[in-house]
Amino acid sequence: MLRAVLRRSKSNTTSPLCARASSRRLSSLPSRPHPRRRSFLRQHLKLIPTAKPPPFNAHFRPLFTRSVATSSPQSSPDVYDAPEKLGFEKLSEQFIEECKSKAVLFKHKKTGAQVMSLSNDDENKVFGVVFRTPPKDSTGIPHILEHSVLCGSRKYPLKEPFVELLKGSLHTFLNAFTYPDRTCYPVASTNAKDFYNLVDVYLDAVFFPKCVEDIQTFQQEGWHHELNDPSEDITYKGVVFNEMKGVYSQPDNILGRSSQQAVFPDNTYGVDSGGDPLDIPKLTFAEFKEFHLKFYHPSNARIWFYGDDDPMERLRILSEYLDMFDVSTAPEESIVKSQKLFLKPVRIVKKYPATEGGDLKKKHMLCLNWLISDEPLDSETELALGFLDDLLLGTPASPLRKILLESSLGEAIVGGGVEDELLQAQFSVGLKGVSKEDIKKVEDLVMDTLKSLAETGFDTDAVEASMNTVEFSLRENNTGSFPRGLALMLQSIGKWIYDMDPFEPLKYQKPLMALKARIAEEGNKAVFSPLIEKYILNNPHRVTIEMQPDAEKASCDEAAEKKLLDEKKASMTEADLSKLARATRELRLRQETPDPPEVLKSVPSLSLQDIPKKPVQIPIKIGDINGVKVLHHDLFTNDVLYSEVVFDMSSLKQELVPLVPLFCQSLMEMGTKDMDFVQLNQLIGRKTGGISVYPFISSVRGKADPCSHMIVRGKAMSGRIEDLFNLINHIIQDVQFTDQKRFKQFISQGKARMEDQLQGSGHNIAAARMEAKLNVAGWIGEQMGGVSYLEFLQSLEEKVDLHWNEISSSLEEIRRTLFTKSGCLINLTADAKNLTNSEKHVGKFLDLLPSSSSAESKIWKARLPTISEAIVIPTQVNYVGKAANLYETGYEFNGSAHVISKHISNTWLWDRVRVSGGAYGGYCDFDTHSGVFSFMSYRDPNLLKTLNVYDGTSDFLRELEMDDGALTKAIIGTIGDVDSYQLPDVKGYSSLVRYLLGIEEEERQKRREEILSTSLADFKEFAERMNLVKDNGVVVAVASADDVDNANKERPNFFEIKKAL
């Protein structure tokens, strides 16, 4: 309960290193990060290729199709029976004040399936079905099954109904994910007809999937031996297999998995539900089928509905499916057993793959982990532990986090703090980037700091800041792009899945008030010190994990895999090899053969008549305060004011660009003359809902110069608006750039973040690198968040001691250049009353700004050389990109390009890169601001083969045949992207972005009409543009050394090699 709130409150005040304007979703803001400190809770999301994975984070029977009404039907005795007549027993009914919902818990009489039905006025309706799925080994059965059940069902017998929903639905959420002990299948939509279509497809998928009778789906999504010709080597292939190879290439993930399995050696958490690549090939099809038969049963299901649709219709839909089953023993067989506490601490040393070269002695990782209790905690203790975690690690000013980072013993924090989303809570913390000789020092520092805090308690202001942060977040209820109903589902299921009260996690007011009263009466030391002593210091169930870098591990692992495959081939006869080659061809043929039109039509979809002809309008009023332009957005925000103060960056010297991310961090994490950074951080927590500072960079269609701004973003309750703008003023004008030691910490943290990006999100790094070769905005972004930025940090780390005065002066120069009244813009989102009340505080803030800067606008003309590059890292999978600028070839943007690029992702790339190629994902994206069309793959076992797929796109479009139904789906799916669901703060921010980029309402209407009128002829015409990408595109791959060497042998000197780690 509280952990989700604390994570959300932090994520809403965290901003990207560099926000980029989104062209795919014309109405969406640049994606922001939503970091969830879940080192041990791994959610294996089925990658959706229709939306570009966030760059920095600028975002799952009757044999007939049931017809549904366009709007929610109203219950009446003539149409719907009471729950009892539909086969349901009401177990409990409550009104949940915290989410303004009537919540009813039902039990299906015949099967025992439990249903939580929440009714409210939220149009963003949510459905989810969750099964308890504890694995016994690390073959990845739950994960592979999560992928596979969405590959066709009895009622929808096509290859992938999931993809058809992606193409032609207005979904606001469509996915599935695997926890260590449960599997979730949620959907969401604001359109009632669309929502019920999604529900029906998902219910049929989980209860009647084709995959349990189809070994080829198991092979495709899980694993199989691949042999193209008997003379070639055998390889492993499979979507989950390659996904998990990518996961096991990331040191932080290896640490997290090692920690969980060591803390829980005796129950289901001691294995990897996602699958270990060493174990996945041990999984048999028979075991796969048995797992579904055992656990995917209504008796083992928890089903969730939320929103403004009719609650009786929900039960009627469910009864059609659930009534087909009898009760099973699955609930008994799926029970998750508790891990008993150790009698003494345990220490484990493991190795992780590292790059040759560099000082590997300083690349060790250490994490201390505790199992907090051998039984689930009561709500009061869980709430107090959540606050304790926030006080220890929640902000840069939190004492445990601050002391660890200031010790200079490591580069960045590892561990997830308190994790309470599994049956038993854990606490973990440590450092990475540690020298071998400092391992013991880190361990001692953690223990000594915790002992000191138990003895002294916490600063009163820190406790007040934490309380305010939580209460603000609870009132705001801002889940970003995540549907609110889904956030509540995941909170509830954290107890419900273990047969505990599903209502309890949704009700926070009473326990929160009780905890506040207890702290006020007894003092924070009396509340938190006993928790530190009991659950951490005096707890023998402590596991210390030391991870050692090994430059040879990656190559050894690859060699071991090759040896196994060579032995497999050596044991096979010629007939066996011919049979395997034939099976490989048959699987590929099936993967690349489209479903028949009549089968595709079985998936329910909307019609163009269901689609609004006009784009969503966001209210905007442009005013003026003290000579500065102010944008007002009159929206209901529950008494919260959202503000963006925008400053022009065009006068900044080009050589200072790479320093901007560190400048932003310095503003937030260095002190002023009157306050150190801890006091400043606490003041922000006590008075506001959060403040952040970040650059916003985008190309502008039709202009040579980029749009470049610095944005200071904040939010506060109406009674704290003056405090908000006073604090913004303190941050941008009073912070002193004098703390050299902290600045060195920022460099280390930045390096660690970029190294994580390279190994975990190589597609973002490759995409940024390609953009830097094709336009100035891309170059700026890459300087602040790509390989160039990592190289800058590495160089700066060596210079900081010798050139600190020069660096400090440069930070001051950035401030003087940016933060002036000239070129400033204010964006405000709130209701009319609070907008009016805010004007005097905005005016006072503006009067305190310097009027102008002596710096003149600069012309940034830099780009990286347009050569094909391979960025080499230690990895078992690749990230392969290719891009070109279509505007430079004379292309004039038309809204149909959105439809076409989405269709390419959902068909050609999905089938050839993911399904046939075995990559975890593949997509294309057209940046309508810059004109850059890019292809990208994610956790890809291939390199040149994937580039060949990209180059085949023009032929795919020329030969494309689409009936009216397929074209309509493509159009509707694109409108779903354009009309993505937004909360009020995002609406205000989206309007600001459009204003900055000069996008008028008339253009939005024109593009919408072009989308709605897209024809097959548009696809054919676009084929010529894809030819230009094929012939003139630049290639960037983040890949392993072996794959790059093999590519350069096949195509001599194709890649210029850059070693990044």
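This is a predicted model: local features need pLDDT of at least 70, side-chain atom pairs count only at pLDDT 80 or more; totals for chains, interfaces and linings use all residues.
User: Ok, what order do the strands take in the open sheet?
Analyst: The order is β25-β26-β24-β27-β23-β28, with 6 strands and mixed pairing. Strands here are DSSP E runs of at least two residues, helices are H or I runs of at least four, and both are numbered from the N terminus. Two strands pair if DSSP finds at least two bridges between them.

User: Which strands stand at the edges?
Analyst: β25 (921–926) and β28 (1056–1059) do; each has a single partner strand, so one side of each is left without a neighbour in the sheet.

User: How do β24 and β26 pair?
Analyst: β24 (residues 879–885) and β26 (residues 932–938) run antiparallel over 5 bridges. A883 stands opposite S934 in β26.

User: Switching topic: which residues have the most contacts inside the largest nonpolar core?
Analyst: F663, M710, F725, F743 and I826, in a core of 92 residues. Helix α23 (residues 721–734) gives the most to this core, with 7 residues. A nonpolar core is a set of buried Ala, Val, Leu, Ile, Met, Phe, Trp, Tyr and Cys residues joined through side-chain atoms within 4.5 Å. Buried means under 20% relative accessible area, exposed over 50%, partly exposed in between (1.4 Å probe, protein chains only).

User: And what does F663 touch?
Analyst: Leaving out residues up to four places away in sequence, F663 touches M710, F737, L811, I814, R815, L818 and F819. Contact means heavy atoms within 4.5 Å.

User: How many residues of α3 are buried?
Analyst: 8 of its 8, over residues 161–168. They pack against β6 (171–174), α4 (192–207), α20 (597–600), α30 (896–916) and α33 (964–978).

User: Last one: how do α11 and α17 cross?
Analyst: The axes of α11 (residues 379–393) and α17 (residues 524–537) come within 10 Å and cross at roughly 95°. That makes α11 roughly perpendicular to α17; angles of 65 to 115 degrees count as that, under 35 as roughly parallel, over 145 as roughly antiparallel and the rest as oblique. Axes are lines fitted to C-alpha atoms, for helices over the stretch in contact, with angles from 0 to 180 degrees between N-to-C directions.

Methods. Residues are numbered from 1 along each chain as its sequence is written. Side-chain values use heavy atoms; hydrogens and water are left out.
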